[in-house]
Amino acid sequence: MSRGNGVPPLEARGITKVFTGGDGRALPILGGIDFQLSANETVAIIGASGAGKSTLLHVLGALDRPTAGEVIIEGRAVGTLGDEAIATIRNRSVGFVFQFHHLLREFTAVENVMMPALIAGIDEAAARNKAEGILADVGLADRLTHKPRQLSGGEQQRVAVARALVNDPVVLLADEPSGNLDTETSGMLHDLLFELRGRGDLSIIVVTHNHNLADRADRVLVMERGRLQPRGEG
Ligand SMILES: Nc1ncnc2c1ncn2[C@@H]1O[C@H](COP(=O)(O)OP(=O)(O)OP(=O)(O)O)[C@@H](O)[C@H]1O
Ligand SMILES: [Mg+2]
(Lines give C-alpha, C1' and ligand atoms only; values in the text may rest on other atoms or scores of the structure.)
(Ligands and ions follow the chains in the order given, each with its own letter.)
Protein backbone atom coordinates (compact mmCIF):
# COMPACT_ATOMS: atom_id res chain seq x y z
CA MET A 1 0.00 0.00 0.00
CA SER A 2 0.94 3.62 -0.02
CA ARG A 3 2.15 3.90 3.56
CA GLY A 4 5.71 4.95 4.03
CA ASN A 5 6.37 5.14 0.29
CA GLY A 6 6.25 8.90 -0.16
CA VAL A 7 2.62 9.19 -1.26
CA PRO A 8 1.05 12.05 0.73
CA PRO A 9 -1.48 10.72 3.22
CA LEU A 10 -3.99 13.33 2.13
CA GLU A 11 -4.33 15.85 -0.65
CA ALA A 12 -7.07 18.25 -1.66
CA ARG A 13 -7.26 19.82 -5.12
CA GLY A 14 -9.61 22.66 -5.91
CA ILE A 15 -12.15 21.77 -3.25
CA THR A 16 -15.33 23.81 -3.31
CA LYS A 17 -18.46 23.34 -1.27
CA VAL A 18 -21.71 25.11 -1.91
CA PHE A 19 -24.62 24.57 0.45
CA THR A 20 -28.20 25.55 -0.24
CA GLY A 21 -29.60 27.92 2.36
CA GLY A 22 -33.11 27.71 3.83
CA ASP A 23 -34.30 30.25 1.26
CA GLY A 24 -32.97 28.10 -1.59
CA ARG A 25 -30.03 30.39 -2.32
CA ALA A 26 -26.55 29.00 -2.93
CA LEU A 27 -24.18 29.41 0.00
CA PRO A 28 -20.59 29.06 -1.19
CA ILE A 29 -18.50 27.98 1.82
CA LEU A 30 -15.29 26.51 0.42
CA GLY A 31 -13.89 28.44 -2.52
CA GLY A 32 -11.22 26.27 -4.06
CA ILE A 33 -8.89 24.70 -1.56
CA ASP A 34 -5.57 23.13 -2.45
CA PHE A 35 -3.81 21.39 0.37
CA GLN A 36 -1.24 18.69 0.86
CA LEU A 37 -0.48 16.95 4.11
CA SER A 38 2.88 15.27 4.67
CA ALA A 39 3.50 12.07 6.60
CA ASN A 40 3.89 12.76 10.33
CA GLU A 41 2.89 16.38 9.91
CA THR A 42 0.57 18.17 12.32
CA VAL A 43 -1.47 21.00 10.81
CA ALA A 44 -3.73 23.31 12.81
CA ILE A 45 -6.64 25.04 11.09
CA ILE A 46 -7.98 28.16 12.76
CA GLY A 47 -10.58 30.69 11.68
CA ALA A 48 -13.80 32.40 12.65
CA SER A 49 -16.96 30.53 13.53
CA GLY A 50 -18.84 29.73 10.36
CA ALA A 51 -15.73 30.02 8.17
CA GLY A 52 -16.10 26.42 6.97
CA LYS A 53 -13.54 24.56 9.08
CA SER A 54 -15.81 21.65 10.00
CA THR A 55 -17.15 21.52 6.46
CA LEU A 56 -13.60 21.17 5.16
CA LEU A 57 -12.70 18.49 7.71
CA HIS A 58 -15.78 16.47 6.75
CA VAL A 59 -14.85 16.69 3.08
CA LEU A 60 -11.20 15.80 3.76
CA GLY A 61 -12.28 12.77 5.79
CA ALA A 62 -14.73 11.56 3.12
CA LEU A 63 -17.68 12.10 5.46
CA ASP A 64 -19.08 14.53 2.92
CA ARG A 65 -18.48 15.07 -0.80
CA PRO A 66 -17.15 18.33 -2.20
CA THR A 67 -19.21 20.25 -4.77
CA ALA A 68 -16.13 20.24 -6.98
CA GLY A 69 -12.52 19.21 -6.64
CA GLU A 70 -10.77 16.11 -5.51
CA VAL A 71 -9.77 14.61 -2.18
CA ILE A 72 -7.00 12.07 -2.46
CA ILE A 73 -6.39 9.81 0.52
CA GLU A 74 -3.33 7.58 0.42
CA GLY A 75 -3.14 8.16 -3.31
CA ARG A 76 -6.76 7.24 -4.05
CA ALA A 77 -9.14 9.87 -5.45
CA VAL A 78 -12.19 9.54 -3.21
CA GLY A 79 -14.56 10.97 -5.84
CA THR A 80 -13.88 8.06 -8.17
CA LEU A 81 -14.76 5.44 -5.56
CA GLY A 82 -18.07 3.78 -4.77
CA ASP A 83 -19.78 3.94 -1.39
CA GLU A 84 -18.26 0.71 -0.15
CA ALA A 85 -14.69 1.75 -0.96
CA ILE A 86 -15.30 5.13 0.66
CA ALA A 87 -16.63 3.45 3.79
CA THR A 88 -13.47 1.36 3.90
CA ILE A 89 -11.27 4.47 3.62
CA ARG A 90 -13.24 6.15 6.42
CA ASN A 91 -12.78 3.09 8.56
CA ARG A 92 -9.11 2.32 7.86
CA SER A 93 -7.30 5.41 6.62
CA VAL A 94 -8.91 8.20 8.62
CA GLY A 95 -9.64 8.66 12.31
CA PHE A 96 -12.07 11.30 13.55
CA VAL A 97 -12.31 13.07 16.89
CA PHE A 98 -15.09 15.63 17.37
CA GLN A 99 -15.79 18.27 19.99
CA PHE A 100 -18.27 15.94 21.64
CA HIS A 101 -17.06 12.40 21.98
CA HIS A 102 -19.94 10.57 20.21
CA LEU A 103 -19.17 7.40 22.13
CA LEU A 104 -21.89 4.77 22.25
CA ARG A 105 -23.58 5.12 25.63
CA GLU A 106 -24.42 1.49 26.22
CA PHE A 107 -20.93 0.22 25.49
CA THR A 108 -17.83 0.22 27.65
CA ALA A 109 -14.67 2.11 26.81
CA VAL A 110 -12.96 -0.96 25.40
CA GLU A 111 -16.06 -1.94 23.39
CA ASN A 112 -16.28 1.56 21.92
CA VAL A 113 -12.64 1.39 20.87
CA MET A 114 -13.01 -2.13 19.45
CA MET A 115 -15.95 -1.17 17.24
CA PRO A 116 -14.06 0.18 14.19
CA ALA A 117 -11.70 -2.82 14.34
CA LEU A 118 -14.64 -5.24 14.34
CA ILE A 119 -16.16 -3.32 11.41
CA ALA A 120 -12.83 -3.74 9.62
CA GLY A 121 -13.21 -7.50 10.03
CA ILE A 122 -10.64 -8.06 12.79
CA ASP A 123 -11.62 -10.96 15.02
CA GLU A 124 -12.93 -10.16 18.46
CA ALA A 125 -9.95 -11.33 20.51
CA ALA A 126 -7.48 -9.38 18.37
CA ALA A 127 -9.72 -6.30 18.37
CA ARG A 128 -10.02 -6.40 22.15
CA ASN A 129 -6.30 -6.83 22.52
CA LYS A 130 -5.61 -3.88 20.23
CA ALA A 131 -8.21 -1.70 21.95
CA GLU A 132 -6.81 -2.45 25.39
CA GLY A 133 -3.32 -1.58 24.21
CA ILE A 134 -4.38 1.78 22.81
CA LEU A 135 -6.45 2.61 25.87
CA ALA A 136 -3.34 1.91 27.93
CA ASP A 137 -1.38 4.24 25.62
CA VAL A 138 -3.86 7.05 26.30
CA GLY A 139 -3.63 6.44 30.05
CA LEU A 140 -6.89 4.58 30.55
CA ALA A 141 -5.72 1.04 31.31
CA ASP A 142 -7.80 1.10 34.49
CA ARG A 143 -10.99 2.42 32.85
CA LEU A 144 -11.57 -0.34 30.28
CA THR A 145 -15.02 -1.35 31.44
CA HIS A 146 -16.34 2.11 32.28
CA LYS A 147 -19.34 3.33 30.28
CA PRO A 148 -19.03 6.85 28.83
CA ARG A 149 -21.18 8.40 31.59
CA GLN A 150 -18.79 6.96 34.19
CA LEU A 151 -15.83 8.78 32.62
CA SER A 152 -14.78 12.42 32.99
CA GLY A 153 -14.96 14.69 29.94
CA GLY A 154 -11.22 14.41 29.38
CA GLU A 155 -11.34 10.64 29.73
CA GLN A 156 -14.22 10.45 27.26
CA GLN A 157 -12.15 12.40 24.74
CA ARG A 158 -9.19 10.10 25.29
CA VAL A 159 -11.43 7.11 24.56
CA ALA A 160 -12.57 8.91 21.41
CA VAL A 161 -8.92 9.39 20.41
CA ALA A 162 -8.22 5.70 21.08
CA ARG A 163 -11.22 4.72 18.97
CA ALA A 164 -10.02 6.97 16.15
CA LEU A 165 -6.62 5.25 16.16
CA VAL A 166 -7.58 1.60 16.56
CA ASN A 167 -7.26 0.82 12.85
CA ASP A 168 -3.92 2.65 12.49
CA PRO A 169 -5.16 5.45 10.23
CA VAL A 170 -2.69 7.61 8.31
CA VAL A 171 -4.63 10.75 9.18
CA LEU A 172 -6.28 11.84 12.40
CA LEU A 173 -8.83 14.60 11.85
CA ALA A 174 -9.77 16.38 15.05
CA ASP A 175 -12.50 19.06 15.17
CA GLU A 176 -12.20 21.15 18.34
CA PRO A 177 -11.19 18.09 20.36
CA SER A 178 -10.66 20.12 23.51
CA GLY A 179 -13.43 22.65 22.90
CA ASN A 180 -15.48 21.17 25.68
CA LEU A 181 -12.72 20.74 28.28
CA ASP A 182 -11.22 22.97 30.96
CA THR A 183 -7.77 24.45 30.44
CA GLU A 184 -5.83 21.80 32.32
CA THR A 185 -7.67 18.86 30.77
CA SER A 186 -7.28 20.47 27.34
CA GLY A 187 -3.54 20.68 27.93
CA MET A 188 -3.41 16.96 28.73
CA LEU A 189 -5.35 16.10 25.59
CA HIS A 190 -3.03 18.25 23.49
CA ASP A 191 0.02 16.54 25.01
CA LEU A 192 -1.56 13.24 24.08
CA LEU A 193 -2.11 14.30 20.47
CA PHE A 194 1.52 15.33 20.14
CA GLU A 195 2.74 12.09 21.71
CA LEU A 196 0.63 10.14 19.24
CA ARG A 197 2.18 11.94 16.34
CA GLY A 198 5.17 9.67 16.69
CA ARG A 199 2.97 6.63 15.97
CA GLY A 200 3.63 5.05 12.62
CA ASP A 201 3.05 7.54 9.85
CA LEU A 202 0.28 9.38 11.63
CA SER A 203 -0.48 12.89 10.42
CA ILE A 204 -2.90 15.13 12.26
CA ILE A 205 -5.19 17.93 11.15
CA VAL A 206 -6.71 19.71 14.09
CA VAL A 207 -9.32 22.45 13.91
CA THR A 208 -9.04 24.57 16.99
CA HIS A 209 -9.78 27.93 18.55
CA ASN A 210 -7.07 27.13 21.10
CA HIS A 211 -3.91 29.10 20.38
CA ASN A 212 -1.74 26.99 22.66
CA LEU A 213 -2.62 23.98 20.55
CA ALA A 214 -2.23 25.80 17.22
CA ASP A 215 1.19 27.10 18.24
CA ARG A 216 2.47 23.56 18.72
CA ALA A 217 1.53 22.44 15.21
CA ASP A 218 4.08 22.19 12.39
CA ARG A 219 1.88 24.47 10.29
CA VAL A 220 -1.00 26.81 11.08
CA LEU A 221 -3.52 27.59 8.36
CA VAL A 222 -6.28 30.15 8.57
CA MET A 223 -9.67 29.54 6.97
CA GLU A 224 -10.97 32.80 5.63
CA ARG A 225 -13.38 33.65 2.81
CA GLY A 226 -13.45 30.04 1.70
CA ARG A 227 -9.68 29.72 1.42
CA LEU A 228 -6.86 28.32 3.51
CA GLN A 229 -3.86 30.56 3.96
CA PRO A 230 -0.71 30.29 6.07
CA ARG A 231 -1.11 32.24 9.31
CA GLY A 232 0.34 35.71 9.13
CA GLU A 233 -0.22 36.10 5.39
CA GLY A 234 -3.92 37.00 5.57
N1 LIG B 1 -25.65 21.18 5.69
C2 LIG B 1 -25.59 22.52 5.59
N3 LIG B 1 -26.51 23.20 4.89
C4 LIG B 1 -26.44 24.55 4.77
N5 LIG B 1 -25.47 25.30 5.33
C6 LIG B 1 -24.52 24.67 6.03
C7 LIG B 1 -24.52 23.25 6.22
N8 LIG B 1 -23.45 22.91 6.97
C9 LIG B 1 -22.81 24.06 7.26
N10 LIG B 1 -23.44 25.12 6.70
C11 LIG B 1 -23.01 26.51 6.78
O12 LIG B 1 -21.67 26.59 6.35
C13 LIG B 1 -20.94 27.52 7.12
C14 LIG B 1 -19.67 26.86 7.65
O15 LIG B 1 -20.02 25.92 8.65
P16 LIG B 1 -18.91 25.12 9.46
O17 LIG B 1 -19.62 24.25 10.41
O18 LIG B 1 -18.00 24.47 8.50
O19 LIG B 1 -18.15 26.31 10.21
P20 LIG B 1 -16.93 26.24 11.23
O21 LIG B 1 -15.81 27.02 10.64
O22 LIG B 1 -16.65 24.83 11.60
O23 LIG B 1 -17.52 27.04 12.49
P24 LIG B 1 -17.32 26.77 14.08
O25 LIG B 1 -15.99 27.36 14.44
O26 LIG B 1 -18.47 27.56 14.67
O27 LIG B 1 -17.44 25.30 14.34
C28 LIG B 1 -21.87 28.01 8.21
O29 LIG B 1 -22.32 29.30 7.85
C30 LIG B 1 -22.99 27.02 8.20
O31 LIG B 1 -24.21 27.61 8.54
MG1 LIG C 1 -16.91 23.71 13.33
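Visitor: What is the bridge partner of V222 in strand 10?
Guide: This is a predicted model, where local features need pLDDT of at least 70 and side-chain atom pairs 80 or more, while totals for chains, interfaces and linings use all residues. Residues are numbered from 1 along each chain as written, chains are lettered from A and ligands numbered from 1 in written order, and side-chain values use heavy atoms, without hydrogens or water. Strand 9 (residues 219-224) and strand 10 (residues 227-230) pair in the antiparallel sense over 4 bridges, pairing needing at least two DSSP bridges. In strand 10, V222 is partnered by Q229.

Visitor: Which residue takes a positive phi in the hairpin of strand 9 and strand 10?
Guide: The hairpin has 2 residues between its strands; strands (E, at least two residues) and helices (H or I, at least four) are DSSP runs numbered from the N terminus. The residue with a positive phi, near 50 degrees, is R225.

Visitor: How does helix 3 lie relative to helix 5, roughly parallel or roughly antiparallel?
Guide: Their axes, lines fitted to C-alpha atoms over the stretch in contact, come within 7 Å and cross at roughly 25 degrees. That crossing angle therefore makes helix 3, relative to helix 5, roughly parallel.

Visitor: Which element supplies the largest share of the lining of the largest pocket?
Guide: Helix 2 (83-92), strand 6 (94-97), helix 3 (109-119) and helix 5 (153-165) each supply at least two lining residues. The lining of the largest pocket divides into 11 nonpolar, 5 polar and 2 charged residues. The largest share, 4 residues, comes from helix 3.

Methods:
Nonpolar A, V, L, I, M, F, W, Y, C, P; charged D, E, K, R; others polar. Axes fitted to C-alpha atoms, helices over the stretch in contact; angles between N-to-C directions. Parallel < 35°, antiparallel > 145°, perpendicular 65-115°, else oblique.
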